[in-house]
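Subject: Handover of a structure, with findings

Dear colleague,

Please find below the structure that I am handing over to you. My findings follow directly after it.

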Amino acid sequence: MEPQWDDLKVFLAVARFESLSAAGRTLKIDPATVGRRITRLEEALKLPLFAKSPQGYGLTAQGQRLLERALRAEQEMAAALNDLPGDGAHLSGQIRLGAPDGCANFLLPQVCAQIAAQNPDLEVQIVALPRVFNLSRREADMAIAVSAPLAGRLSVQKISDYKLSLVASKAYLEGAPPINSADDLRYHRIVGYIQDMIFDKELDYMEEAGLRHVDLSSNSVSVQFSWIRQGMGLGIVHDFSIPFGQDIVRVLPDHINLTRSFYLIRHEGDRRLDRLNRFAEALTTGMRRELGRLERLT
């Protein structure tokens with residue numbers, strides 16, 4: 001029995017998500033069917049492709065080799081479909097975009113909603129995760145990162161710089177000791193990242209901002225923002241998020257202001273795909289425009 005392309009698509013989904021149920025949700029089939037299709041593929045190839053553990057379905061050495069070939073086949077299929085004639089007026093199909101949760105929560109919803117409104121047949125998925133995306137496993141079609149990767153067959157495009165500031169709610173400041181210099185921050189409750197869960201050095205703001213302790217910490221910038229908005233302490237946030245927090249103001253703006261950058265990361269081979277190129281162009285243009293708009297509101 002020869003392997004079928006549909007079974008390879010199921011294999012790719014399980015390899016990406018390491019779960020039958022997650023793969024089934026993506027493919028819109030039930031987990032039992034996913035399991036049967038994987039068993040059929042393993043029987044056709046006479047090879048074990050996955051090892052099941054409490055953490056999920058991990059690839060065997062044979063599965064890893066098949067993954068590399070299946071990804072190339074998927075890319076070639078996408079390129080072939082991209083070359084078919086069409087009206088070219090609108091984007092269609094599904095595009096999955098990965099991003100750190102601050103960008104995903106405060107910036108991308110507006111940008112992607114506008115792109116989707118202009119392309120009614122396009123399905124945009126935003127995956128917000130406080131970690132680096134694994135594009136080699138096709139967790140996403142493209143990803144936004146805060147630093148440019150130095151390895152892998154990837155295409156990297158700088159989108160824009162963005163600014164971060166130390167902020168607090170007016171309610172917190174009204175009931176807290178006065179802040180006239182960075183030395184005064186030692187008397188205040190600080191909100192920040194869990195130190196050993198910072199997934200990118202560009203997110204390690206503490207030393208640069210002169211902050212010496214963290215009292216409330218989370219690996220999610222959205223949780224940090226919520227604490228600050230509720231008056232629980234001071235913290236570093238993106239300037240583009242400040243308009244989303246009522247009565248949030250900058251603290252020591254002349255002394256503490258940081259600059260970082262967003263990068264768009266793509267598979268190198270996807271540069272041939274006009275559909276993804278057009279989405280990437282709309283995305284980068286929209287992000288630059290929305291960043292400027294939100295930062296002007298602060």
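The side chain of Asp 200 makes a polar contact with the side chain of Ser 147, at 2.4 Å. Please bear in mind that this is a predicted model. I begin with this residue and then turn to the helices and the salt bridges.

Asp 200 is situated in the loop that runs between β7 (190-192) and α8 (206-209). The residue is buried, yet it has no salt bridge. The nearest side chain of opposite charge belongs to Lys 201 and is 5.4 Å away; a salt bridge requires a nitrogen and a carboxyl oxygen within 4 Å. Besides the polar contact with Ser 147, the side chain of Asp 200 reaches the backbone nitrogen of Glu 202 at 2.8 Å. If neighbours within four places in sequence are left aside, Asp 200 is in contact with Val 146 and Ser 147.

**Helices α2 and α3**

Two packed helices are described by the angle between their axes and the distance between the axes. Helix α2 (residues 20-27) packs against helix α3 (residues 31-45) at an angle of about 105°, and the axes are 8 Å apart. The two helices are therefore roughly perpendicular to each other. On the α2 side, the contact is made by Leu 20, Ser 21, Ala 23 and Gly 24. On the α3 side, Pro 31, Val 34 and Gly 35 take part.

**Salt bridges**

How many salt bridges does a search of the whole structure find? The search finds 11. I describe some of them here.

Arg 40 forms a salt bridge with Asp 7, and the closest N and O atoms are 2.7 Å apart. This pair links distant parts of the chain, with Arg 40 in helix α3 and Asp 7 in helix α1 (residues 5-17), 33 residues apart.

Asp 239 counts as buried because its relative accessibility is 4%. Arg 250 is partly exposed, with a relative accessible area of 30%.

In the salt bridge between Arg 293 and Glu 290, the distance from N to O is 2.8 Å. These two residues are three residues apart in helix α10 (residues 274-296), so they are separated by about one helical turn. Arg 293 counts as partly exposed at 38% relative accessibility, and Glu 290 counts as buried at 11%. Elsewhere, salt bridges that share partners join Lys 201, Glu 202, Glu 208 and Arg 260 into one network.

**Arg 65**

Finally, Arg 65 is found in helix α4 (residues 61-82). Arg 65 is partly exposed, with a relative accessible area of 46%. Arg 65 and Leu 49 are 16 residues apart in sequence, and their C-alpha atoms are 9.3 Å apart in space.

Yours sincerely

Note on methods: Residues are numbered from 1 along each chain as its sequence is written. This is a predicted model: local features need pLDDT of at least 70, side-chain atom pairs count only at pLDDT 80 or more; totals for chains, interfaces and linings use all residues. Side-chain values use heavy atoms; hydrogens and water are left out. Helices (H or I, at least four residues) and strands (E, at least two) are DSSP runs, numbered from the N terminus. Buried means under 20% relative accessible area, exposed over 50%, partly exposed in between (1.4 Å probe, protein chains only). Lys and Arg count as positive and Asp and Glu as negative; His and the chain ends are not counted. A polar contact is a pair of N or O atoms within 3.5 Å; within protein, one must be able to donate a hydrogen and the other to accept it, and residues adjacent in sequence count only if both atoms are side-chain atoms. Contact means heavy atoms within 4.5 Å. Axes are lines fitted to C-alpha atoms, for helices over the stretch in contact, and angles run from 0 to 180 degrees between N-to-C directions. Angles under 35 degrees count as roughly parallel, over 145 as roughly antiparallel, 65 to 115 as roughly perpendicular and the rest as oblique.
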